[in-house]
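Here is a short briefing on one helix and one group of aromatic rings. Keep the structure open while reading.

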Amino acid sequence: MSPRPLTPATLTRRGFLAASVLGGAALVACSRSTPAGAPSSPSMSDAITAAEAARPHTGKTVTARLMPGTADIDLGGTKARTLAYNNQVPGPLIRANVGDEIAVTVDNGLDHPTSVHWHGIALRNDMDGAEPASRTIGPGSSFKYRFSSPYPGTYWAHPHAGMDTDYGLYVPVIIDDPAEPGRYDAEWIVMLDDWTSGVGTSPDEIYKGLRSMSSGGGSMPGMPGMGQMPATPGVGGAGPSDLLGGDGGDVSYPYYLINGRIPAAPTTFNAKPGQRIRIRLINAAADTAFRVALAGHRMTVTHTDGFPVMPTDVDALLLGMGERYDVVVTAASGVFPLVAAAEGKNAVARALLTTGAGSTPDAAFRPPELTGRVGTVDTFVATPQVQLATSSEIDLQARLSGTMMQYDWMINGRPFDHTVPLTIRQGQRATLTFTNATMMWHPMHLHGHTFQVVKPDGSPGPRKDTLIVKPMQTVTVRLLADNPGVWMLHCHNGYHMEAGMMTTLNYTG
Ligand SMILES: [Cu+2]
(Lines give C-alpha, C1' and ligand atoms only; values in the text may rest on other atoms or scores of the structure.)
Protein backbone atom coordinates (compact mmCIF):
# COMPACT_ATOMS: atom_id res chain seq x y z
CA MET A 1 0.00 0.00 0.00
CA SER A 2 1.36 3.42 -0.92
CA PRO A 3 2.17 5.92 1.84
CA ARG A 4 -0.70 8.11 0.64
CA PRO A 5 -1.92 10.41 3.43
CA LEU A 6 -5.08 9.08 4.96
CA THR A 7 -8.19 11.17 4.74
CA PRO A 8 -11.21 10.97 7.00
CA ALA A 9 -13.03 9.14 4.24
CA THR A 10 -10.34 6.55 3.67
CA LEU A 11 -9.78 6.11 7.39
CA THR A 12 -13.44 5.51 7.84
CA ARG A 13 -13.56 3.09 4.98
CA ARG A 14 -10.58 1.13 6.25
CA GLY A 15 -11.92 1.11 9.77
CA PHE A 16 -15.25 0.00 8.45
CA LEU A 17 -13.81 -2.82 6.37
CA ALA A 18 -11.67 -3.99 9.28
CA ALA A 19 -14.62 -3.84 11.66
CA SER A 20 -16.84 -5.74 9.28
CA VAL A 21 -14.26 -8.51 8.97
CA LEU A 22 -13.98 -8.73 12.74
CA GLY A 23 -17.72 -8.66 13.17
CA GLY A 24 -18.27 -11.22 10.46
CA ALA A 25 -20.96 -9.11 8.82
CA ALA A 26 -22.34 -10.52 5.59
CA LEU A 27 -21.07 -7.82 3.27
CA VAL A 28 -20.76 -7.75 -0.47
CA ALA A 29 -16.99 -7.86 -0.71
CA CYS A 30 -14.81 -6.49 -3.49
CA SER A 31 -13.69 -9.91 -4.65
CA ARG A 32 -16.86 -11.58 -5.74
CA SER A 33 -17.17 -15.14 -6.88
CA THR A 34 -17.82 -15.46 -10.58
CA PRO A 35 -21.38 -16.46 -11.40
CA ALA A 36 -21.83 -19.29 -13.85
CA GLY A 37 -21.43 -18.23 -17.44
CA ALA A 38 -18.98 -15.41 -16.79
CA PRO A 39 -17.30 -14.07 -19.93
CA SER A 40 -14.17 -16.10 -19.40
CA SER A 41 -15.03 -18.68 -22.01
CA PRO A 42 -13.63 -18.29 -25.55
CA SER A 43 -17.11 -18.43 -27.05
CA MET A 44 -18.35 -15.56 -24.89
CA SER A 45 -15.25 -13.56 -25.73
CA ASP A 46 -15.90 -14.21 -29.44
CA ALA A 47 -19.53 -13.14 -29.07
CA ILE A 48 -18.49 -9.90 -27.37
CA THR A 49 -15.95 -9.22 -30.14
CA ALA A 50 -18.56 -9.93 -32.81
CA ALA A 51 -21.08 -7.60 -31.14
CA GLU A 52 -18.48 -4.84 -31.08
CA ALA A 53 -17.73 -5.34 -34.78
CA ALA A 54 -21.43 -4.95 -35.52
CA ARG A 55 -21.62 -1.54 -33.80
CA PRO A 56 -21.23 1.58 -35.96
CA HIS A 57 -17.65 2.88 -36.13
CA THR A 58 -16.47 6.30 -37.26
CA GLY A 59 -12.75 5.52 -37.12
CA LYS A 60 -12.28 8.48 -34.80
CA THR A 61 -10.96 8.17 -31.24
CA VAL A 62 -11.87 10.40 -28.31
CA THR A 63 -9.46 10.21 -25.40
CA ALA A 64 -9.90 11.23 -21.77
CA ARG A 65 -8.19 10.63 -18.44
CA LEU A 66 -9.93 10.11 -15.12
CA MET A 67 -7.95 10.32 -11.89
CA PRO A 68 -10.00 9.16 -8.92
CA GLY A 69 -8.43 10.25 -5.66
CA THR A 70 -8.77 12.23 -2.46
CA ALA A 71 -9.83 15.82 -3.10
CA ASP A 72 -10.77 18.98 -1.23
CA ILE A 73 -13.96 20.22 -2.85
CA ASP A 74 -15.57 23.63 -2.39
CA LEU A 75 -19.32 23.05 -2.35
CA GLY A 76 -19.95 26.80 -2.26
CA GLY A 77 -18.30 28.18 0.90
CA THR A 78 -18.49 24.73 2.49
CA LYS A 79 -15.43 22.57 2.00
CA ALA A 80 -15.43 18.80 1.90
CA ARG A 81 -12.50 16.40 1.86
CA THR A 82 -13.82 13.56 -0.24
CA LEU A 83 -13.15 11.35 -3.24
CA ALA A 84 -13.43 12.86 -6.72
CA TYR A 85 -12.31 12.48 -10.31
CA ASN A 86 -9.62 15.03 -11.27
CA ASN A 87 -10.28 17.07 -8.09
CA GLN A 88 -13.74 18.18 -9.19
CA VAL A 89 -17.41 17.29 -8.56
CA PRO A 90 -18.87 16.40 -10.97
CA GLY A 91 -15.80 15.05 -12.75
CA PRO A 92 -14.94 16.20 -16.27
CA LEU A 93 -17.49 15.71 -19.06
CA ILE A 94 -16.76 12.90 -21.49
CA ARG A 95 -18.32 13.51 -24.88
CA ALA A 96 -18.15 11.63 -28.19
CA ASN A 97 -20.20 10.82 -31.25
CA VAL A 98 -22.01 7.57 -31.89
CA GLY A 99 -19.42 5.12 -33.20
CA ASP A 100 -16.35 6.97 -31.96
CA GLU A 101 -13.86 4.89 -30.06
CA ILE A 102 -13.88 6.25 -26.52
CA ALA A 103 -10.50 5.63 -24.85
CA VAL A 104 -10.49 6.59 -21.19
CA THR A 105 -7.39 6.03 -19.09
CA VAL A 106 -8.18 5.63 -15.40
CA ASP A 107 -5.31 6.19 -12.95
CA ASN A 108 -6.48 4.84 -9.62
CA GLY A 109 -5.24 7.21 -6.92
CA LEU A 110 -7.56 5.69 -4.31
CA ASP A 111 -6.32 3.36 -1.57
CA HIS A 112 -8.71 0.64 -2.71
CA PRO A 113 -9.84 -0.97 -5.97
CA THR A 114 -12.15 0.99 -8.25
CA SER A 115 -13.84 0.75 -11.63
CA VAL A 116 -15.69 3.04 -14.01
CA HIS A 117 -19.13 1.85 -15.07
CA TRP A 118 -20.59 3.56 -18.15
CA HIS A 119 -24.17 3.80 -16.94
CA GLY A 120 -26.76 3.25 -19.67
CA ILE A 121 -24.38 2.71 -22.59
CA ALA A 122 -24.94 -0.49 -24.60
CA LEU A 123 -21.19 -1.06 -24.76
CA ARG A 124 -19.10 -4.21 -25.01
CA ASN A 125 -19.48 -6.30 -21.89
CA ASP A 126 -15.79 -6.52 -21.02
CA MET A 127 -15.59 -2.70 -20.74
CA ASP A 128 -18.69 -2.32 -18.56
CA GLY A 129 -16.69 -1.50 -15.44
CA ALA A 130 -18.46 -4.00 -13.21
CA GLU A 131 -17.25 -7.34 -11.89
CA PRO A 132 -17.19 -10.05 -13.10
CA ALA A 133 -17.37 -8.84 -16.74
CA SER A 134 -14.50 -6.41 -16.30
CA ARG A 135 -12.01 -6.43 -13.46
CA THR A 136 -11.60 -3.67 -10.92
CA ILE A 137 -8.47 -1.49 -11.04
CA GLY A 138 -6.11 -1.89 -8.09
CA PRO A 139 -4.85 1.08 -6.07
CA GLY A 140 -1.96 2.77 -7.89
CA SER A 141 -2.81 0.94 -11.12
CA SER A 142 -4.08 2.22 -14.44
CA PHE A 143 -6.49 0.81 -16.98
CA LYS A 144 -7.69 2.07 -20.33
CA TYR A 145 -11.34 1.53 -21.16
CA ARG A 146 -11.92 1.27 -24.92
CA PHE A 147 -15.44 1.08 -26.25
CA SER A 148 -17.97 2.71 -28.53
CA SER A 149 -21.61 3.63 -28.08
CA PRO A 150 -24.16 2.54 -30.68
CA TYR A 151 -26.75 5.05 -29.47
CA PRO A 152 -26.71 8.77 -28.69
CA GLY A 153 -27.92 10.05 -25.35
CA THR A 154 -27.37 11.38 -21.88
CA TYR A 155 -25.36 8.95 -19.77
CA TRP A 156 -22.99 9.09 -16.83
CA ALA A 157 -20.15 7.13 -15.29
CA HIS A 158 -19.27 6.11 -11.74
CA PRO A 159 -17.47 3.31 -9.85
CA HIS A 160 -19.18 -0.02 -9.41
CA ALA A 161 -17.49 -0.81 -6.11
CA GLY A 162 -18.63 -0.09 -2.57
CA MET A 163 -20.13 3.30 -1.70
CA ASP A 164 -17.63 5.28 -3.82
CA THR A 165 -20.23 6.97 -6.03
CA ASP A 166 -21.71 8.53 -2.89
CA TYR A 167 -18.32 10.12 -2.10
CA GLY A 168 -18.47 12.21 -5.30
CA LEU A 169 -17.01 9.97 -8.01
CA TYR A 170 -19.19 10.65 -11.04
CA VAL A 171 -18.99 12.31 -14.45
CA PRO A 172 -21.53 13.11 -17.18
CA VAL A 173 -21.12 11.22 -20.46
CA ILE A 174 -22.83 12.62 -23.57
CA ILE A 175 -23.02 10.70 -26.83
CA ASP A 176 -24.02 12.85 -29.81
CA ASP A 177 -25.59 11.81 -33.06
CA PRO A 178 -24.18 14.07 -35.81
CA ALA A 179 -27.29 13.27 -37.87
CA GLU A 180 -29.62 14.61 -35.16
CA PRO A 181 -30.63 18.18 -35.97
CA GLY A 182 -29.85 20.52 -33.09
CA ARG A 183 -33.28 21.83 -32.33
CA TYR A 184 -31.92 23.84 -29.46
CA ASP A 185 -29.64 26.83 -29.01
CA ALA A 186 -27.90 26.00 -25.76
CA GLU A 187 -27.27 22.97 -23.61
CA TRP A 188 -27.18 22.69 -19.82
CA ILE A 189 -25.94 19.51 -18.15
CA VAL A 190 -27.38 19.21 -14.65
CA MET A 191 -26.15 16.57 -12.19
CA LEU A 192 -28.15 16.06 -9.00
CA ASP A 193 -26.65 14.59 -5.84
CA ASP A 194 -27.21 13.98 -2.15
CA TRP A 195 -24.12 14.90 -0.16
CA THR A 196 -22.64 13.90 3.17
CA SER A 197 -18.99 13.03 2.48
CA GLY A 198 -16.61 15.34 4.33
CA VAL A 199 -19.44 17.34 5.94
CA GLY A 200 -21.48 14.69 7.77
CA THR A 201 -21.49 10.98 8.51
CA SER A 202 -19.51 9.20 5.80
CA PRO A 203 -21.36 6.97 3.35
CA ASP A 204 -19.63 3.89 4.75
CA GLU A 205 -20.61 4.82 8.30
CA ILE A 206 -24.19 5.41 7.17
CA TYR A 207 -24.23 2.02 5.51
CA LYS A 208 -22.89 0.45 8.70
CA GLY A 209 -25.62 2.25 10.65
CA LEU A 210 -28.33 0.98 8.33
CA ARG A 211 -27.06 -2.58 8.55
CA SER A 212 -26.84 -2.45 12.34
CA MET A 213 -30.35 -1.15 12.92
CA SER A 214 -31.60 -4.71 13.11
CA SER A 215 -29.12 -5.64 15.85
CA GLY A 216 -30.39 -3.49 18.70
CA GLY A 217 -29.45 0.06 19.57
CA GLY A 218 -32.87 0.64 21.09
CA SER A 219 -34.65 0.32 17.76
CA MET A 220 -37.97 -1.44 17.58
CA PRO A 221 -39.78 -3.33 14.87
CA GLY A 222 -41.93 -1.19 12.65
CA MET A 223 -41.75 1.25 9.84
CA PRO A 224 -38.51 3.14 9.37
CA GLY A 225 -38.55 6.53 10.98
CA MET A 226 -41.36 5.56 13.34
CA GLY A 227 -40.29 5.03 16.94
CA GLN A 228 -36.77 4.31 15.86
CA MET A 229 -33.77 6.19 17.17
CA PRO A 230 -30.82 5.14 15.03
CA ALA A 231 -27.44 5.90 16.57
CA THR A 232 -25.92 7.07 13.29
CA PRO A 233 -26.72 10.65 12.27
CA GLY A 234 -28.27 10.74 8.84
CA VAL A 235 -29.74 7.26 9.03
CA GLY A 236 -33.51 7.32 8.78
CA GLY A 237 -35.39 10.57 8.95
CA ALA A 238 -36.85 10.59 5.46
CA GLY A 239 -40.59 11.09 5.31
CA PRO A 240 -43.19 9.84 2.86
CA SER A 241 -43.44 10.80 -0.80
CA ASP A 242 -46.75 10.57 -2.66
CA LEU A 243 -44.92 10.10 -5.94
CA LEU A 244 -42.88 7.20 -4.59
CA GLY A 245 -45.73 5.52 -2.69
CA GLY A 246 -43.88 5.39 0.63
CA ASP A 247 -40.80 6.73 2.34
CA GLY A 248 -38.63 8.88 0.10
CA GLY A 249 -35.43 7.16 1.18
CA ASP A 250 -33.38 5.70 4.02
CA VAL A 251 -31.03 8.62 4.67
CA SER A 252 -31.27 12.36 5.35
CA TYR A 253 -28.31 14.22 3.90
CA PRO A 254 -26.74 17.47 5.11
CA TYR A 255 -26.85 18.87 1.56
CA TYR A 256 -28.39 18.32 -1.84
CA LEU A 257 -26.30 19.55 -4.76
CA ILE A 258 -26.66 20.60 -8.36
CA ASN A 259 -23.37 20.41 -10.23
CA GLY A 260 -21.46 20.21 -6.98
CA ARG A 261 -22.94 23.30 -5.30
CA ILE A 262 -25.18 23.83 -2.27
CA PRO A 263 -28.41 25.85 -2.74
CA ALA A 264 -26.97 28.96 -1.05
CA ALA A 265 -24.15 29.17 -3.60
CA PRO A 266 -25.68 27.87 -6.81
CA THR A 267 -24.08 27.59 -10.23
CA THR A 268 -25.54 29.95 -12.83
CA PHE A 269 -26.33 29.07 -16.44
CA ASN A 270 -26.39 32.14 -18.66
CA ALA A 271 -28.55 32.28 -21.78
CA LYS A 272 -30.59 34.75 -23.80
CA PRO A 273 -34.36 35.21 -23.59
CA GLY A 274 -36.13 33.17 -26.26
CA GLN A 275 -33.34 30.65 -26.60
CA ARG A 276 -34.29 26.99 -26.62
CA ILE A 277 -32.21 25.28 -23.96
CA ARG A 278 -31.75 21.52 -23.82
CA ILE A 279 -31.35 20.52 -20.17
CA ARG A 280 -29.83 17.10 -19.54
CA LEU A 281 -30.85 16.02 -16.05
CA ILE A 282 -28.85 13.24 -14.37
CA ASN A 283 -29.57 11.91 -10.87
CA ALA A 284 -26.22 10.81 -9.39
CA ALA A 285 -27.56 10.52 -5.82
CA ALA A 286 -27.29 7.40 -3.65
CA ASP A 287 -30.60 7.53 -1.79
CA THR A 288 -32.59 10.51 -3.09
CA ALA A 289 -35.25 10.92 -5.74
CA PHE A 290 -35.63 14.50 -6.91
CA ARG A 291 -38.65 16.39 -8.20
CA VAL A 292 -37.23 18.97 -10.60
CA ALA A 293 -38.82 22.18 -11.87
CA LEU A 294 -37.60 25.36 -13.51
CA ALA A 295 -39.41 28.37 -12.05
CA GLY A 296 -41.52 30.22 -14.57
CA HIS A 297 -41.19 27.56 -17.28
CA ARG A 298 -42.82 24.43 -18.59
CA MET A 299 -40.46 21.71 -19.72
CA THR A 300 -40.86 19.65 -22.88
CA VAL A 301 -39.52 16.18 -22.17
CA THR A 302 -37.70 14.74 -25.20
CA HIS A 303 -35.67 11.78 -23.88
CA THR A 304 -35.80 9.21 -21.08
CA ASP A 305 -32.46 7.58 -20.18
CA GLY A 306 -31.06 8.78 -23.52
CA PHE A 307 -33.85 7.48 -25.78
CA PRO A 308 -36.41 9.71 -27.52
CA VAL A 309 -40.01 9.99 -26.36
CA MET A 310 -42.98 11.71 -27.96
CA PRO A 311 -42.39 15.33 -26.80
CA THR A 312 -44.52 15.92 -23.71
CA ASP A 313 -44.94 19.07 -21.61
CA VAL A 314 -44.70 18.90 -17.83
CA ASP A 315 -44.25 21.35 -14.97
CA ALA A 316 -41.93 19.08 -13.00
CA LEU A 317 -40.18 15.73 -13.34
CA LEU A 318 -39.42 12.86 -10.96
CA LEU A 319 -35.93 11.35 -11.20
CA GLY A 320 -34.83 8.32 -9.20
CA MET A 321 -31.17 7.49 -8.69
CA GLY A 322 -29.47 6.66 -11.99
CA GLU A 323 -32.27 8.08 -14.16
CA ARG A 324 -31.75 10.75 -16.82
CA TYR A 325 -34.27 12.96 -18.57
CA ASP A 326 -33.66 15.47 -21.37
CA VAL A 327 -36.00 18.46 -21.57
CA VAL A 328 -36.20 21.57 -23.73
CA VAL A 329 -37.29 24.93 -22.37
CA THR A 330 -37.74 28.27 -24.07
CA ALA A 331 -36.03 30.78 -21.82
CA ALA A 332 -37.99 33.70 -20.43
CA SER A 333 -36.28 36.90 -19.34
CA GLY A 334 -34.98 37.14 -15.80
CA VAL A 335 -33.42 34.96 -13.10
CA PHE A 336 -35.03 31.54 -12.58
CA PRO A 337 -34.13 28.88 -10.03
CA LEU A 338 -33.93 25.31 -11.27
CA VAL A 339 -35.04 23.49 -8.12
CA ALA A 340 -34.63 19.80 -7.33
CA ALA A 341 -36.73 18.94 -4.30
CA ALA A 342 -35.50 15.87 -2.41
CA GLU A 343 -38.59 13.65 -2.20
CA GLY A 344 -39.63 13.02 1.40
CA LYS A 345 -36.65 14.93 2.77
CA ASN A 346 -37.86 18.53 3.05
CA ALA A 347 -34.82 20.02 1.33
CA VAL A 348 -33.82 21.23 -2.11
CA ALA A 349 -30.90 21.47 -4.48
CA ARG A 350 -30.81 24.31 -6.94
CA ALA A 351 -29.05 26.15 -9.73
CA LEU A 352 -29.97 29.37 -11.54
CA LEU A 353 -30.90 30.16 -15.11
CA THR A 354 -30.07 33.79 -15.82
CA THR A 355 -31.21 35.49 -19.01
CA GLY A 356 -31.62 39.06 -17.81
CA ALA A 357 -32.12 41.31 -14.82
CA GLY A 358 -34.00 39.95 -11.85
CA SER A 359 -33.75 39.18 -8.18
CA THR A 360 -32.76 35.75 -6.89
CA PRO A 361 -35.25 34.07 -4.57
CA ASP A 362 -33.89 32.71 -1.30
CA ALA A 363 -32.24 29.29 -1.18
CA ALA A 364 -35.32 27.47 0.14
CA PHE A 365 -37.70 28.82 -2.54
CA ARG A 366 -39.99 26.21 -4.07
CA PRO A 367 -41.45 27.19 -7.42
CA PRO A 368 -45.17 26.46 -7.83
CA GLU A 369 -44.30 24.24 -10.83
CA LEU A 370 -43.21 21.56 -8.33
CA THR A 371 -46.87 20.89 -7.53
CA GLY A 372 -48.13 21.17 -11.11
CA ARG A 373 -48.16 18.33 -13.63
CA VAL A 374 -45.31 16.06 -12.53
CA GLY A 375 -43.91 13.76 -15.19
CA THR A 376 -43.15 10.19 -14.08
CA VAL A 377 -42.31 7.07 -16.06
CA ASP A 378 -46.03 6.57 -16.73
CA THR A 379 -46.26 9.92 -18.50
CA PHE A 380 -44.07 9.10 -21.50
CA VAL A 381 -44.11 6.97 -24.66
CA ALA A 382 -41.07 6.06 -26.74
CA THR A 383 -41.04 7.36 -30.31
CA PRO A 384 -42.07 4.67 -32.83
CA GLN A 385 -38.49 4.43 -34.15
CA VAL A 386 -37.14 3.09 -30.85
CA GLN A 387 -40.03 0.90 -29.71
CA LEU A 388 -39.25 -2.77 -29.18
CA ALA A 389 -41.29 -5.67 -30.56
CA THR A 390 -44.17 -6.73 -28.36
CA SER A 391 -43.63 -10.46 -28.85
CA SER A 392 -41.68 -12.38 -26.25
CA GLU A 393 -39.92 -15.75 -26.15
CA ILE A 394 -38.91 -15.81 -22.51
CA ASP A 395 -40.28 -14.36 -19.29
CA LEU A 396 -37.75 -13.32 -16.66
CA GLN A 397 -38.66 -12.53 -13.07
CA ALA A 398 -37.03 -10.25 -10.52
CA ARG A 399 -38.79 -10.36 -7.18
CA LEU A 400 -37.57 -7.62 -4.85
CA SER A 401 -37.60 -8.38 -1.14
CA GLY A 402 -36.18 -7.17 2.14
CA THR A 403 -37.08 -4.90 5.03
CA MET A 404 -35.77 -1.67 6.44
CA MET A 405 -35.31 -3.30 9.85
CA GLN A 406 -33.23 -6.21 8.63
CA TYR A 407 -31.67 -4.17 5.81
CA ASP A 408 -31.48 -7.40 3.84
CA TRP A 409 -32.37 -6.23 0.30
CA MET A 410 -32.48 -9.11 -2.18
CA ILE A 411 -33.54 -10.20 -5.66
CA ASN A 412 -35.37 -13.52 -6.02
CA GLY A 413 -34.84 -14.27 -2.36
CA ARG A 414 -31.06 -14.06 -2.44
CA PRO A 415 -28.42 -11.43 -1.80
CA PHE A 416 -25.83 -10.98 -4.53
CA ASP A 417 -23.21 -13.28 -3.04
CA HIS A 418 -25.70 -16.16 -3.25
CA THR A 419 -27.53 -15.08 -6.39
CA VAL A 420 -28.86 -17.36 -9.10
CA PRO A 421 -28.36 -15.43 -12.36
CA LEU A 422 -31.17 -14.86 -14.83
CA THR A 423 -30.26 -16.37 -18.18
CA ILE A 424 -31.02 -15.44 -21.77
CA ARG A 425 -29.83 -16.48 -25.22
CA GLN A 426 -28.43 -14.13 -27.82
CA GLY A 427 -31.21 -12.77 -30.03
CA GLN A 428 -34.08 -13.61 -27.68
CA ARG A 429 -36.90 -11.20 -27.03
CA ALA A 430 -37.81 -11.22 -23.36
CA THR A 431 -40.07 -9.71 -20.80
CA LEU A 432 -38.64 -8.92 -17.39
CA THR A 433 -41.12 -8.48 -14.57
CA PHE A 434 -40.17 -6.64 -11.39
CA THR A 435 -42.33 -7.55 -8.41
CA ASN A 436 -41.66 -5.30 -5.46
CA ALA A 437 -42.59 -7.17 -2.29
CA THR A 438 -41.15 -4.46 -0.04
CA MET A 439 -42.40 -1.25 1.53
CA MET A 440 -39.62 0.76 -0.13
CA TRP A 441 -39.29 1.96 -3.72
CA HIS A 442 -36.33 0.73 -5.79
CA PRO A 443 -34.76 2.27 -8.93
CA MET A 444 -33.90 -0.91 -10.84
CA HIS A 445 -31.04 -0.68 -13.31
CA LEU A 446 -29.98 -3.14 -16.02
CA HIS A 447 -26.53 -2.78 -17.56
CA GLY A 448 -25.84 -2.92 -21.30
CA HIS A 449 -29.48 -2.68 -22.43
CA THR A 450 -32.29 -0.16 -22.64
CA PHE A 451 -35.58 -1.93 -22.07
CA GLN A 452 -39.06 -0.70 -22.91
CA VAL A 453 -41.53 -0.19 -20.12
CA VAL A 454 -44.98 -1.75 -20.54
CA LYS A 455 -47.70 0.43 -19.07
CA PRO A 456 -50.34 -1.09 -16.76
CA ASP A 457 -52.84 -1.16 -19.66
CA GLY A 458 -50.33 -2.99 -21.86
CA SER A 459 -49.51 -0.02 -24.04
CA PRO A 460 -45.89 0.94 -24.76
CA GLY A 461 -44.06 3.24 -22.38
CA PRO A 462 -40.64 4.85 -22.65
CA ARG A 463 -37.25 3.20 -23.18
CA LYS A 464 -35.36 3.08 -19.90
CA ASP A 465 -32.34 1.48 -18.28
CA THR A 466 -33.30 2.57 -14.77
CA LEU A 467 -36.88 2.21 -13.58
CA ILE A 468 -38.63 3.30 -10.41
CA VAL A 469 -40.55 0.34 -8.94
CA LYS A 470 -42.82 1.52 -6.16
CA PRO A 471 -43.69 -0.42 -2.96
CA MET A 472 -45.75 -3.54 -3.73
CA GLN A 473 -45.85 -2.61 -7.44
CA THR A 474 -45.36 -5.01 -10.34
CA VAL A 475 -43.90 -3.62 -13.58
CA THR A 476 -43.03 -5.47 -16.78
CA VAL A 477 -40.44 -4.35 -19.32
CA ARG A 478 -39.42 -5.78 -22.70
CA LEU A 479 -35.87 -6.24 -23.82
CA LEU A 480 -33.95 -7.62 -26.77
CA ALA A 481 -30.90 -9.77 -26.03
CA ASP A 482 -28.52 -8.09 -28.48
CA ASN A 483 -25.47 -7.49 -26.28
CA PRO A 484 -23.80 -10.71 -25.12
CA GLY A 485 -22.13 -10.99 -21.74
CA VAL A 486 -22.83 -11.00 -18.04
CA TRP A 487 -24.79 -7.91 -17.04
CA MET A 488 -25.60 -6.53 -13.62
CA LEU A 489 -29.24 -6.06 -12.68
CA HIS A 490 -29.54 -4.13 -9.44
CA CYS A 491 -31.18 -1.48 -7.33
CA HIS A 492 -29.49 1.89 -7.84
CA ASN A 493 -29.99 2.88 -4.24
CA GLY A 494 -26.31 2.71 -3.24
CA TYR A 495 -27.13 1.28 0.18
CA HIS A 496 -29.57 -1.35 -1.08
CA MET A 497 -27.05 -2.41 -3.72
CA GLU A 498 -24.25 -2.70 -1.18
CA ALA A 499 -26.54 -4.81 1.00
CA GLY A 500 -26.90 -7.25 -1.89
CA MET A 501 -29.88 -6.14 -4.03
CA MET A 502 -28.18 -7.25 -7.22
CA THR A 503 -28.11 -10.18 -9.60
CA THR A 504 -26.87 -10.75 -13.15
CA LEU A 505 -28.42 -11.40 -16.53
CA ASN A 506 -26.17 -13.98 -18.20
CA TYR A 507 -26.11 -14.77 -21.92
CA THR A 508 -25.82 -18.52 -22.34
CA GLY A 509 -25.18 -18.70 -26.06
CU1 LIG B 1 -33.53 -0.53 -3.56
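Buried means under 20% relative accessible area, and exposed means over 50%. By that cut-off, both Trp-118 and Tyr-145 are buried. The model is predicted.

**Aromatic rings**
- The count of aromatic pairs comes to 10.
- In one of them, the ring centres of Trp-118 and Tyr-145 lie 5.7 Å apart with planes at 75°, so this pair is edge-to-face.
- The pair links distant parts of the chain: Trp-118 sits in strand S6 (residues 117–119) and Tyr-145 in strand S7 (residues 142–147), 27 residues apart.
- Phe-143 and Tyr-145 also form an edge-to-face pair, 4.8 Å centre to centre and with 80° between the planes.
- Tyr-145 has a relative accessible area of 0%, so Tyr-145 is buried.
- Phe-143 is partly exposed, because its relative accessibility is 32%.
- Trp-118, Phe-143, Tyr-145 and Phe-147 form one aromatic cluster.

**Helix H2**
- H2 spans residues 42–54, 13 residues in total.
- From first C-alpha to last, H2 reaches 18 Å, close to the 18 Å expected at 1.5 Å a residue.
- Which residues of H2 are buried? They are Met-44, Ile-48, Ala-51 and Glu-52.
- These residues lie on the same side of H2, because they cover an arc of only 100° around the axis.
- Strand S34 (502–507) is included in what covers the buried residues of H2.
- The face turned away from the buried side of H2 carries the exposed residues Pro-42, Ser-43, Asp-46, Ala-53 and Ala-54.

Key: Residues are numbered from 1 along each chain as its sequence is written. This is a predicted model: local features need pLDDT of at least 70, side-chain atom pairs count only at pLDDT 80 or more; totals for chains, interfaces and linings use all residues. Side-chain values use heavy atoms; hydrogens and water are left out. Helices (H or I, at least four residues) and strands (E, at least two) are DSSP runs, numbered from the N terminus. The expected span of a helix is 1.5 Å times one less than its number of residues. Buried means under 20% relative accessible area, exposed over 50%, partly exposed in between (1.4 Å probe, protein chains only). The arc is that of the directions from the helix axis to the C-beta atoms. Contact means heavy atoms within 4.5 Å. Rings of Phe, Tyr and Trp (its six-membered ring) pair if their centres lie within 6.5 Å; planes under 30 degrees apart count as stacked, over 60 as edge-to-face and the rest as tilted.
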